[in-house]
Number of protein chains: 2
Amino acid sequence: MIKVIRSPRAMQKIADAIHRNGKTIGFVPSMGYLHEGHLDLVRISEKKSDVVVVSIFVNPIQFGPKEDLSRYPRHFQRDKQLLAKEGVDYIFFPTARSMYNKNYTTYIELPDLSNVLCGKSRLGHFKGVATVVAKLFNIVKPDISVFGQKDAQQAVVLKRMTEDLNFPTKIIVAPTTREKDGLAMSSRNIYLTPEQRKQVPILYHALQHAKKMIEDGEKKCHEIIALMKELISSMPDADIDYIEIIDANTLQPIKEIKGKVLIALAVKFGKARLIDNIVV
Amino acid sequence: MIKVIRSPRAMQKIADAIHRNGKTIGFVPSMGYLHEGHLDLVRISEKKSDVVVVSIFVNPIQFGPKEDLSRYPRHFQRDKQLLAKEGVDYIFFPTARSMYNKNYTTYIELPDLSNVLCGKSRLGHFKGVATVVAKLFNIVKPDISVFGQKDAQQAVVLKRMTEDLNFPTKIIVAPTTREKDGLAMSSRNIYLTPEQRKQVPILYHALQHAKKMIEDGEKKCHEIIALMKELISSMPDADIDYIEIIDANTLQPIKEIKGKVLIALAVKFGKARLIDNIVV
């Protein structure tokens, strides 16, 4: 039977008891409204740990003042059923007040990794993500924690934070789960109109096209980006936030393809801001 | 036999083993060059936990560019002997490189508590303190950790950080240990010339005087501060950084004495910047 835990203190006690029994904890943090991508992370966690905890918490401090906090989709009962079916042991489902009391004032920043890609248009976003994940790590005490490659910058930020702050947790980054036509799964896909839904597979096609250009020997990043822009702009509702090619580890901009690179993009289609990426 | 542990990973494994054996860890973080004040913290830790760990680490990121990092006093062998005599179990004594690798970029900030008192003249100081203590908590995994009231703002910052980030550690704040003439013990007292050493007891006298004024019914903070200034300025080498009366919990400025207040001061005598405080 899946158990729902609402209090941070209760969750810590459960985590301590699991460790005292010599068992390992696998952890998948989420904001709920789960899709197949989340469930893939859960399945990886189950293969690699004894007890699986999924958190469902729409973290207010990672949303900007003009972002979609209040309308972010929520459906706890459905999430619970999906997780129960996957054999998850615990859902940690705290209130915002139990996570951030009225005197709350502690924030974790990673300046070298936050001011690129999504960090430029979403000021404070990665500060909010790093902070809540540090809190969740202290509450759930996981041995491993699984994140998706779809949120590439988030994965790099959290890996670095975990190492920098000496959290005893192993971070696993799982491949992006996609619809049949290539669209990366995301809770925000629900914002798309049927017409926009037909247009968005261009994002994955553009990434694949970039990959092929690199495999064919193209070295100049600006050439690759220009072609991706052209492809994506051909869709009437596409509003490009960024398309960038950067070093996959440091997230620093590069001019020529060299070593492992991350090709990442963020494009708005109506109310949905979609991100996607590949590592080449 | 006291054991000296240099690697963060090794220390984590020892902490895990202690917890697996059902024992508690008491922790006193320090920058070394120990005095009776530190040893008082160690003694409290020993009363309240099964295994005591003291860290000795002159944390570079809590010193400003013009501060005394390179000349901060160090004497590891003497420290080790003192701690062995107190029955301490482990000294965690890492290198700066093992704590901050070349890509290090994670910092913890508490904006509401950092821009008052010492935070105003020591920019970034409490960011460095909060960050290293979070790292040390993840490495040493203490059940309790003991800090001195002498560093009043540090104690408030670390209590809040521990609560905000859900660290499973209880913070204990111990009374300031003083020389017979009232001078608060500090590793930085060594910077004082014999002449300055004669002048510095004025700090404690001024604090005691303020306390008496409050007990006698004085409500106006500016009156109390004015008298403290007069007393301290009578010493030829005194160079006042600040004298403040603030709310003891929020560290916010107050005009009238109400509830628990913190009277705190920082005064330079030659090369030594001394701090002291009392709670009334």
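I started with the largest pocket, and its volume comes out at about 1,400 Å³. A pocket here is an open set of points on a 1 Å grid over the protein atoms alone, where a 1.4 Å probe fits, with protein on both sides within 12 Å along at least five of seven lines. Closest to its centre, of the 46 residues that line it, are Pro168(A), Gln12(B), Asp16(B), Asn138(B) and Lys141(B); lining means an atom within 4 Å of a point. α1(B) gives the most to that lining, with seven residues (helices are DSSP runs of H or I, at least four residues). By class I noted 13 nonpolar, 15 polar and 18 charged residues in the lining.

Before going on: this is a predicted model, where local features need pLDDT of at least 70, side-chain atom pairs count only at pLDDT 80 or more, and totals for chains, interfaces and linings use all residues. Residues are numbered from 1 along each chain as written, chains are lettered from A and ligands numbered from 1 in written order, and side-chain values use heavy atoms, without hydrogens and water.

Next, the symmetry. Chain A superposes on chain B by a rotation of 180° with 0.0 Å of shift along the axis, RMSD 0.0 Å (least squares on C-alpha atoms with pLDDT of at least 70 in both). That is how a two-fold axis relates copies. In chain A, Ile108(A) comes closest to the rotation axis, its C-alpha at 2.3 Å.

Last, the contact (heavy atoms within 4.5 Å). I found 28 residues from chain A and 28 residues from chain B in it.

Key
Points joined across faces, edges and corners; volume = space filled by probe spheres on them. Helix = DSSP H or I, 4+ residues; strand = E, 2+ residues; numbered from the N terminus. Nonpolar A, V, L, I, M, F, W, Y, C, P; charged D, E, K, R; others polar.
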